[in-house]
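User: I would like to go through the side-chain pairings in this model. Please give the cut-offs as you go.

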Amino acid sequence: MGELLNSPGNYSNLICYKKTEIIYRITFFFCEHFLRKGDRTIDQMVQAARSGKQNIIEGCAASATSSETEIKLINVAKASLKELLEDYEDFIKTRGFSKWEKGSKEYEYMRKLGGTNASASFIMEIVKTRPPETIANMAIILLNQTDYLLHRLLENLEKRFLTEGGFREKMTRLRKKHRGDTF
């Protein structure tokens, strides 16, 4: 692209996006297998997982012309995933299951697995053989990791905005440069 338009961000290279693909697949499977048909929570959880993934895509696409829109949409993705995190935590609490504690064998294994570039297919093979309590805990760990990554992404977007400015500022600089303005 030219000097004015940034090339839109390649969302598929973002680790946080890859994690949201896994989270979406886990959530869809979880809701389909462990929640009662007709339960409103199914739609809410699936839509929150989808929103987390899709808003990253939309935010990256908007980045070419609007830092503000990009930041807002990435934040919407983060908020949707926080809502989903609460749904998984509620599932564990309301059914009397145990949430994995930091330092436990299960927690540390999943944290490590979530920190790798494990494919969605690989993780789904594990998910398909586990009970709902385990799947919910796996999702919670992935959601917390993704939340951290989205927080870091938002910090980087803020820094980029502060150093480079927004689209209008870029337009003004380029127009002045084109006219030969010195101020």
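User: The charged end of Lys53 sits over which ring?

Analyst: A charge counts as sitting over a ring if NZ of Lys or CZ of Arg is within 6 Å of the ring centre and within 35 degrees of the ring normal. The charged end of Lys53 meets this rule, at 5.6 Å from the ring centre. The ring is that of Tyr24.

User: What are these values based on?

Analyst: This is a predicted model, in which local features need pLDDT of at least 70 and side-chain atom pairs count only at pLDDT 80 or more, while totals for chains, interfaces and linings use all residues. Residues are numbered from 1 along each chain as its sequence is written, and side-chain values use heavy atoms, with hydrogens and water left out.

User: How many aromatic pairs are there?

Analyst: Rings of Phe, Tyr and Trp (its six-membered ring) pair if their centres lie within 6.5 Å; planes under 30 degrees apart count as stacked, over 60 as edge-to-face and the rest as tilted. By this rule the count is seven.

User: Why is the pair of Tyr24 and Phe28 tilted?

Analyst: A pair of aromatic rings is described by the distance of the centres and the angle of the planes. For Tyr24 and Phe28 the centres are 6.3 Å apart. The pair is tilted because the planes are at 40°.

User: Where do Tyr24 and Phe28 lie?

Analyst: Helices (H or I, at least four residues) and strands (E, at least two) are DSSP runs, numbered from the N terminus. Tyr24 and Phe28 are four residues apart, so about one helical turn separates them. Both lie in helix 1 (residues 15–34).

User: Which aromatic cluster includes Phe91 and Phe97?

Analyst: The rings of Phe91 and Phe97 have centres 5.8 Å apart and planes at 40°, so this pair is tilted. Buried means under 20% relative accessible area, exposed over 50% and partly exposed in between (1.4 Å probe, protein chains only). Phe91 is buried at 5%, whereas Phe97 is partly exposed at 28%. The cluster is formed by Phe29, Phe30, Phe34, Tyr88, Phe91 and Phe97.

User: How many salt bridges are there?

Analyst: Side chains of opposite charge can pair when their charged atoms come close. A salt bridge is a side-chain nitrogen of Lys or Arg within 4 Å of a carboxyl oxygen of Asp or Glu. The count by this rule is eight.

User: Glu68 forms a salt bridge with which residue?

Analyst: The closest N and O atoms of this bridge are 2.8 Å apart. The partner of Glu68 is Lys72.

User: How many residues apart in sequence are the parts that Asp147 and Lys82 tie together?

Analyst: The side chains of Asp147 and Lys82 meet in a salt bridge of 3.4 Å, N to O. Asp147 is buried at 16%, and Lys82 is partly exposed at 40%. Asp147 is in helix 6 (residues 132–164) and Lys82 in helix 3, so the parts tied together are 65 residues apart.

User: Which residues are linked with Asp147 in a network of salt bridges?

Analyst: The bridge between Asp147 and Lys82 has already been described. The network links Asp147 with Lys82 and Lys78.

User: Which residues does Thr20 touch?

Analyst: Thr20 lies in helix 1 and is buried, with a relative accessible area of 0%. Contact means heavy atoms within 4.5 Å. Not counting residues up to four places away in sequence, Thr20 touches Gly52, Lys53, Ile56, Leu81 and Thr146.
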